[in-house]
Number of protein chains: 2
Amino acid sequence: MSNVLVTGGAGYIGSHACKALKAAGFTPVTYDNLVTGWKDSVKFGPFEQGELSDRSRLDAVFAQYQPVAVMHFAALSQVGEAMSEPGRYWRNNVEGSLTLIEAATAAGCLNFVFSSTCATYGEHDNVVLDEGTPQEPLNAYGASKRAVEDILRDFGAAYGLKSVIFRYFNVAGADPEGEVGEHHRPETHLIPVMLEAIDGKRPALTINGTDYDTPDGTCIRDYVHVMDLVDAHVLGLKWLQDGKESRVFNLGTGKGFSVREVIDASGAVTNREVPYSEGPRRAGDATKLVSGSTRAAAELGWTPDRSTMPQMIADAWRWHQNGHYEG
Amino acid sequence: MSNVLVTGGAGYIGSHACKALKAAGFTPVTYDNLVTGWKDSVKFGPFEQGELSDRSRLDAVFAQYQPVAVMHFAALSQVGEAMSEPGRYWRNNVEGSLTLIEAATAAGCLNFVFSSTCATYGEHDNVVLDEGTPQEPLNAYGASKRAVEDILRDFGAAYGLKSVIFRYFNVAGADPEGEVGEHHRPETHLIPVMLEAIDGKRPALTINGTDYDTPDGTCIRDYVHVMDLVDAHVLGLKWLQDGKESRVFNLGTGKGFSVREVIDASGAVTNREVPYSEGPRRAGDATKLVSGSTRAAAELGWTPDRSTMPQMIADAWRWHQNGHYEG
């Protein structure tokens, strides 16, 4: 069986990717420092605890497992934190990724799938965000992800490293079979925060800004079901194994939902009231981030058919009620 | 007297900046690892040898000199090298700058002048390059400089660090008084390479690409006299000391010269024949990089009146004939 090194494999998206990789016949080898990940979520292959910055540990893991590819999810990913502690984001996300990319290249593991973000685009009012849109990130989270995209491009030119870069829009939902789900500490993602508020596990959801230039004043985002998202990663891995060129793909559905629309949909799916209050804007947030690209569908054959808002909320709600991690 | 910490103060531009700082009443404190710089060029203030990545050494230097500002020139800056050894560029230029910026912020030294580059813009055919042009760098040199710009923005938002970022076009010429000049090892800049060829100190200049979409087929660049360039830095320092906001300025004259035009001008100024051959394009080079901005003139009062091609070549030629560094 072919091993794939999955950094951040104990995190939300990484753990779902491990499930999808196993289903596709690969063995996912999780490499995670468990700072934001959960050991409990590592269910589909071996686990190696380690830091991205630990080059000798990475070298040993590459030597032991001889992975055919790297899927690199490990990152700090909270915009608020990135605004207040930018140095930590630059050091962890960029320096850590550089060390990983150097280790992969040195080991001759030249297929690399990278978890990037639409936050690399920044603020582009009334512009369709496709892969050619200029990247002008607003915060250290987006800027650090863009820097890693640059490093992959540079290592491609210098050493033949091939990469598929996925720029995620908002990821939501959970494994419908309940093996893995979303669990951040602290939780900042809209849908799980909302479900916790619905369930009385936190006081109320705060809407971060109601004066944006959108129909209802709240920010608009494009949501993708995590199972659809990780399917794209398996397709991206096959793209590289087929010998195709390095490529960037947006992963979004092209449909935007405002915060108020997500609140309404959550009330409808759960048949419960969503307690919320209205607060000021959060620094670093763009008004609207919606994908305008069909490249992943056209070139990878990606069909995000689980990415309807009711489905994403229903799967997240099931996980919220039945699933949890410890350790 | 006010101290200014000048990283890379033993390099080409840094040493000229030290001279301009001293003339303006500051004491330049050079911090340089002498990997590409010259100890001989440190003539205008104290010298501290050290690495950007050495946080404890930086902390000691900030504590000792209590600088009012940092001017950060230290960087690897050769496009060819950046293409073949991108990891070195990312680690030195970005990780090193991050450590410096963290040290400055921790020391409460919140005025920062940064040496960036028009290479951060990348390839924009038939577009006027001003400070609002999207930055799409083509290589690890430009990308690493852009990343440092991002870090400065992020530290501004988080900690109140104020920065003036200068995006240089091509820098040329030398101190007309002959105290400092340009000396790289290896030399890759067009004008000094050409002067060495004229003088028989190297076989012949190679033109990197004669099939660009320009009138004579060679790349077009905008040249600034190093003395004008460093004057802008002193103006930028005063801008920050006046309490003004962080700002980005292009430093170019708006006039473009092709490689062939520079060759012709050099022949005329030196009254010698320029031996050259025509070679293929060099990876990572943009077709045309000319500033379309008047912001530095309008807002800083910058007047680059020494930046005529004959003056730049004449000053470089005088340095070539009379000046040199050892050690």
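1. In this predicted model, chain A holds an open sheet of 7 strands, arranged in the order 3-2-1-4-5-6-11 and paired in parallel fashion. The edges of the sheet are taken by strand 3 (47-49) and strand 11 (247-251) of chain A, each of which has a single partner strand, so one side of each remains without a neighbour in the sheet. Averaged over the sheet and with direction ignored, neighbouring strands are turned by 20 degrees against each other.

2. For orientation in the viewer, V70(A) stands opposite F112(A), the latter belonging to strand 5 of chain A. As a general point, strands of a sheet pair through backbone hydrogen bonds, in either a parallel or an antiparallel manner.

3. Two helices that pack on the sheet deserve a look. Helix 4 (residues 86-106) of chain A touches strand 1 (2-7), strand 4 and strand 5 of chain A, and its direction makes about 170 degrees with that of strand 4 of chain A. Helix 5 (residues 140-159) of chain A also packs on the sheet, where it touches strand 5 and strand 6 (162-168) of chain A, and its direction makes about 155 degrees with that of strand 5 of chain A.

4. Turning to the interface, the contact draws 30 residues from chain B and 29 residues from chain A. The area buried between chain B and chain A is about 2200 Å², and carbon and sulfur atoms account for 52% of it. On the chain B side, the residues that lose the most area to chain A are W90(B), R91(B) and R146(B), which together make up 24% of what that side buries.

5. The polar part of the same interface can be described in counts: there are 4 salt bridges between chain B and chain A, and 12 residue pairs are in polar contact, with both residues at pLDDT 80 or more. The elements giving two or more residues to the side of chain B that touches chain A are helix 3 (79-84), helix 4 (86-106) and helix 5 (140-159) of chain B. Helix 5 of chain B supplies the largest share of that side, namely 12 residues. Sorted by class, the side of chain B that touches chain A has 16 nonpolar, 5 polar and 9 charged residues.

6. Over all chains, the count comes to 48 salt bridges. Within chain A, K19(A) forms a salt bridge with E179(A), and their closest N and O atoms are 2.7 Å apart. This pair links distant parts of the chain, 160 residues apart, with K19(A) in helix 1 (residues 12-23) of chain A and E179(A) in the loop between strand 7 (170-172) and helix 6 (190-198) of chain A.

7. A cis peptide bond joins R185(A) and P186(A), with omega about -5 degrees, and P186(A) is placed in the loop between strand 7 and helix 6 of chain A. In chain B, a cis peptide bond joins R185(B) and P186(B), with omega about -5 degrees, and P186(B) lies in the loop between strand 7 (170-172) and helix 6 (190-198) of chain B.

8. Finally, L34(B) has a phi near 60 degrees, a positive value in a residue other than glycine, and L34(B) lies in the loop between strand 2 (26-32) and strand 3 (47-49) of chain B.

How values were computed: Residues are numbered from 1 along each chain as its sequence is written. Chains are lettered from A and ligands numbered from 1 in the order in which they are written. This is a predicted model: local features need pLDDT of at least 70, side-chain atom pairs count only at pLDDT 80 or more; totals for chains, interfaces and linings use all residues. Side-chain values use heavy atoms; hydrogens and water are left out. Contact means heavy atoms within 4.5 Å. Buried area is the accessible area (1.4 Å probe) that two parts lose on being put together, summed over both. A salt bridge is a side-chain nitrogen of Lys or Arg within 4 Å of a carboxyl oxygen of Asp or Glu. A polar contact is a pair of N or O atoms within 3.5 Å; within protein, one must be able to donate a hydrogen and the other to accept it, and residues adjacent in sequence count only if both atoms are side-chain atoms. Helices (H or I, at least four residues) and strands (E, at least two) are DSSP runs, numbered from the N terminus. Ala, Val, Leu, Ile, Met, Phe, Trp, Tyr, Cys and Pro count as nonpolar, Asp, Glu, Lys and Arg as charged, and the others, Gly among them, as polar. Two strands pair if DSSP finds at least two bridges between them. Axes are lines fitted to C-alpha atoms, for helices over the stretch in contact, and angles run from 0 to 180 degrees between N-to-C directions.
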